[in-house]
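Please look over the sequence and the structure below. A short report on selected parts of the model comes after them.

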Amino acid sequence: MQNICLIIGAGAGVGGNVAKVFANDGYHVYLTRRSDESGLKKLIDTINASGGKASGKLMNAIKDNTIEDLIHEVEKDLGPISVVVYNLGAQIGNKKLEDLTLKQFDLGLKMGTVGIFRLSKILFPYMVKRGGGTLIATSSTASVRGNRGQHSHAAAMGARRMLCQTLNDEFSIKGIHIVHAIIDGAVDAPDTLGKMLGPEAYEKLRKEVGLEKDGLILPEKIAESYLYLTKQHRSAWTHEIDFRAFSDQPWWNTATDNYNF
Ligand SMILES: NC(=O)c1ccc[n+]([C@@H]2O[C@H](COP(=O)([O-])OP(=O)(O)OC[C@H]3O[C@@H](n4cnc5c(N)ncnc54)[C@H](OP(=O)(O)O)[C@@H]3O)[C@@H](O)[C@H]2O)c1
């Protein structure tokens, strides 16, 4: 029976690179993302052309029943999901409280935390029945530190962290390995950071600190660590991990006065 790795939020950054690395390790990877059909097809075709197995579909994870239906579908049509990477962020840029709407705040929670709750409710009974499985939640600095302008993002990601800890407490003993992965810095990710900054600022940042300078976290390197996490012995599981470029200050040391308002 083939191992399935399901990726919710597979753009060209962390999600897509997880797909490539896990496919290379023999997993059938199932990719979902919200909107970019040609981006999704490109990733799937690249993996299949290099001898891996990949499939997937577009899906807006915040819509009712999408995550639930997806899990039942993959389990029934493809096989048992042994690894799931929940890779949706909840970043909407820095906003003062007066500029943040309730709808945006609510959207952050849906993407940041509610999605993991919905996923776990449906997938964990399958995994428990089989005696094991892995959930890796890609997270961010905002999960451990509130910052100016980050009301929505920090609330959503902080709640994500607490949900992962609580799920761990109940399901670790049942064989499910849950990892909260804190990405503490900017990732060289064209579909998220790239779109948020715009093409010019993104390329400038890449030239100034990224590329051969290695000051932007390379998503393929995060993906390699994710694969390693799935292979850990249960006597020494990692439940939380953080990633940051060698040249960056860690979240607990970074000054917060470098924002525009
Ligand atoms: N990029 C960074 O600098 C950075 C920094 C710190 C933490 N992180 C964390 O890294 C994770 C994202 O990884 P990444 O930045 O490398 O991005 P990525 O894997 O390249 O792409 C993530 C994908 O998630 C999809 N997505 C967003 N909302 C969705 C929804 N409602 N339903 C389904 N799919 C949805 C987007 O698809 P579409 O493009 O099709 O809309 C996007 O392409 C997040 O958890 C984020 O918190 C990223």
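## Basis of the model

This is a predicted model, in which local features need pLDDT of at least 70, side-chain atom pairs count only at pLDDT 80 or more, and totals for chains, interfaces and linings use all residues. Residues are numbered from 1 along each chain as its sequence is written, and side-chain values use heavy atoms, with hydrogens and water left out.

## The ligand and its shell

A polar backbone atom of glycine 11 is 3.2 Å from a ligand oxygen. Arginine 33 places a polar side-chain atom 2.9 Å from an oxygen atom of the ligand. Alanine 61 has a polar backbone atom 2.8 Å from a ligand nitrogen. On its own, the ligand has 880 Å² of accessible area, and the protein covers 92% of that. These areas come from the Shrake-Rupley method with a 1.4 Å probe; for residues, only the protein chains shown count as cover.

Helices (H or I, at least four residues) and strands (E, at least two) are DSSP runs, numbered from the N terminus.

## Threonine 113 and leucine 163

Threonine 113 sits in helix 4 (residues 102-130). Leucine 163 sits in helix 5. Threonine 113 is buried because its relative accessible area is 12%, and leucine 163 is buried at 18%. Buried means under 20%, exposed over 50%, and partly exposed in between (1.4 Å probe, protein chains only).

The two residues touch. Beyond four places in sequence, threonine 113 contacts Gly108, Ala156, Ala159, Arg160 and Leu163. With the same exclusion, leucine 163 contacts Thr113, Ile116 and Phe117. Contact means heavy atoms within 4.5 Å. Leucine 163 and histidine 180 are 17 residues apart in sequence, with C-alpha atoms 9.5 Å apart.

## Glutamate 240

Glutamate 240 lies in strand 7 (residues 240-243). Its relative accessible area is 32%, so glutamate 240 is partly exposed. Which residues does glutamate 240 contact, leaving aside neighbours within four places in sequence? They are Arg161, His180 and Ile182.

Two polar contacts involve the side chain of glutamate 240. One goes to the side chain of arginine 161 at 2.7 Å. Another goes to the side chain of histidine 180, also at 2.7 Å. Lysine 174 is 66 residues away along the chain, and its C-alpha is 18 Å from that of glutamate 240.

## Aromatic pairs

The model has four aromatic pairs. Rings of Phe, Tyr and Trp (its six-membered ring) pair if their centres lie within 6.5 Å; planes under 30 degrees apart are stacked, over 60 edge-to-face, and the rest tilted. Phenylalanine 22 and tyrosine 27 have ring centres 5.1 Å apart and planes at 55°, so this pair is tilted. Phenylalanine 22 is buried, at 0% relative accessible area. Tyrosine 27 is buried at 9%.

Note on methods. A polar contact is a pair of N or O atoms within 3.5 Å; within protein, one must be able to donate a hydrogen and the other to accept it, and residues adjacent in sequence count only if both atoms are side-chain atoms.
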